[in-house]
Amino acid sequence: MRKLASADGEPILREKSFEILLDLIEKKQPKSILEIGVNRGLSGIAMLLKSKNAKLSGIEIDEEKIKLAKENYKEFDLLDRAKIFQGDASEIIPILTGTYDFIFLDGPKGHYYEYLPHLLAVLNVGGVLFADNVLFRGYVGEDKQAPKRHNTIKHSMENFINAITTDKTLKTQIIDIEDGISITEKIL
């Protein structure tokens with residue numbers, strides 16, 4: 001399914017990042033997962049298969065992708081363990097009321113920093129925030145000049161990384177593979 005999605009031009013989590021995500025899910029065995037950027041539900045399916053007692057809440061703006069995700073959840077008999085909020089993550093994240101053991105952030109890159117305080121508010125102590133694309137095409141953390149159209153994303157991502165690496169209530173690891181991932185554990 002991941003190969004088909006990639007062939008269709010859909011953004012999917014790259015292989016090494018995907019392996020790290022699944023290893024972490026298997027190790028942590030979260031009971032509640034939040035996924036920002038559901039797309040076709042493929043990462044959500046993999047996370048639910050690795051954590052047998054987990055329930056997943058996802059956010060996706062595209063109605064067609066939600067339909068595909070639900071079909072894919074159903075194919076793996078996971079529909080009862082997954083729910084999707086349709087809409088703009090910028091509007092949904094601030095009003096989330098549940099708490100989560102694991103958050104997979106793979107939505108609009110220019111909004112990671114904006115989302116962060118809200119995500120940390122719903123992340124349980126001991127929980128993990130896993131973010132993809134944090135080095136955004138090699139522009140973040142480098143003196144490399146981003147094209148003007150990417151400056152907002154670059155600055156937002158730099159603010160995001162600064163926040164997760166300097167906050168004393170968090171323990172963060174930035175992994176420079178593929179497009180960069182961050183793994184942040186809430187310790188206090």
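This is a predicted model: local features need pLDDT of at least 70, side-chain atom pairs count only at pLDDT 80 or more; totals for chains, interfaces and linings use all residues.
Me: Happy with that. Which strands lie at the edges of the sheet?

Reply: The general idea is that strands of a sheet pair through backbone hydrogen bonds, either parallel or antiparallel. Here there is an open sheet of 7 strands in the order 3-2-1-4-5-7-6, with mixed pairing. Strands are DSSP runs of E with at least two residues, helices are runs of H or I with at least four, and both are numbered from the N terminus. Two strands count as paired if DSSP finds at least two bridges between them. At the edges are strand 3 (82–86) and strand 6 (170–175), each pairing on one side only. From one strand to the next, the twist averages 15°.

Me: How many bridges does strand 4 share with strand 1?

Reply: Strand 1 (residues 32–36) and strand 4 (residues 100–105) are parallel and share 4 bridges. Look for Glu35, whose bridge partner in strand 4 is Phe104, and for Ile36, which stands opposite Leu105. Strand 4 also runs parallel to strand 5, with 5 bridges joining them; there, Phe102 stands opposite Val128 of strand 5.

Me: How many residues of strand 4 are buried?

Reply: 5 of its 6 residues are, so strand 4 is mostly covered. "Buried" means under 20% relative accessible area, "exposed" over 50%, and "partly exposed" in between, using a 1.4 Å probe and protein chains only.

Me: Which helices lie across the sheet strands?

Reply: Two to look at are helix 2 and helix 4. Helix 2 (residues 15–28) lies across strands 1, 4, 5 (123–132), 6 and 7 (181–186), running at about 170° to strand 5. Helix 4 (residues 63–75) lies across strand 1, strand 2 (55–60) and strand 3, at about 175° to strand 3. Axes are lines fitted to C-alpha atoms, for helices over the stretch in contact, and angles run from 0 to 180 degrees between N-to-C directions.

Me: What does Ile25 touch, apart from its sequence neighbours?

Reply: Ile25 lies in helix 2 and counts as buried, at 0% relative accessibility. Leaving aside neighbours within four places in sequence, Ile25 is in contact (heavy atoms within 4.5 Å) with Pro30, Ile33, Met47, Lys50, Ser51 and Phe102. Ser51 is 26 residues from Ile25 along the chain, yet their C-alpha atoms are separated by 6.5 Å.

Me: Now helix 6. Which of its residues are buried?

Reply: An α-helix has 3.6 residues a turn, so residues three or four places apart point the same way. In helix 6 (residues 112–122), the buried ones are Tyr112, Tyr115, Leu116, Leu119, Leu120 and Val122. They cover an arc of only 145° around the axis, judged from the directions to the C-beta atoms, which puts them on the same side of helix 6. The face turned away carries the exposed residues Pro117 and Ala121.

Me: How does helix 6 meet helix 7?

Reply: Their axes come within 8 Å and cross at roughly 30°, helix 7 being residues 151–166. Tyr112, Tyr113 and Leu116 in helix 6 meet Ser156, Met157, Asn159, Phe160, Ala163 and Ile164 in helix 7.

Me: And how do I read the ring pair of Tyr112 and Phe160?

Reply: A pair of aromatic rings is described by the distance of the centres and the angle of the planes. Rings of Phe, Tyr and Trp (its six-membered ring) pair if their centres lie within 6.5 Å; planes under 30 degrees apart count as stacked, over 60 as edge-to-face and the rest as tilted. A search of the whole structure finds 2 aromatic pairs. For Tyr112 and Phe160, the centres are 5.4 Å apart and the planes at 70°, so the pair is edge-to-face. It links parts of the chain 48 residues apart, and both Tyr112 and Phe160 are buried.

Note on methods
Residues are numbered from 1 along each chain as its sequence is written. Side-chain values use heavy atoms; hydrogens and water are left out.
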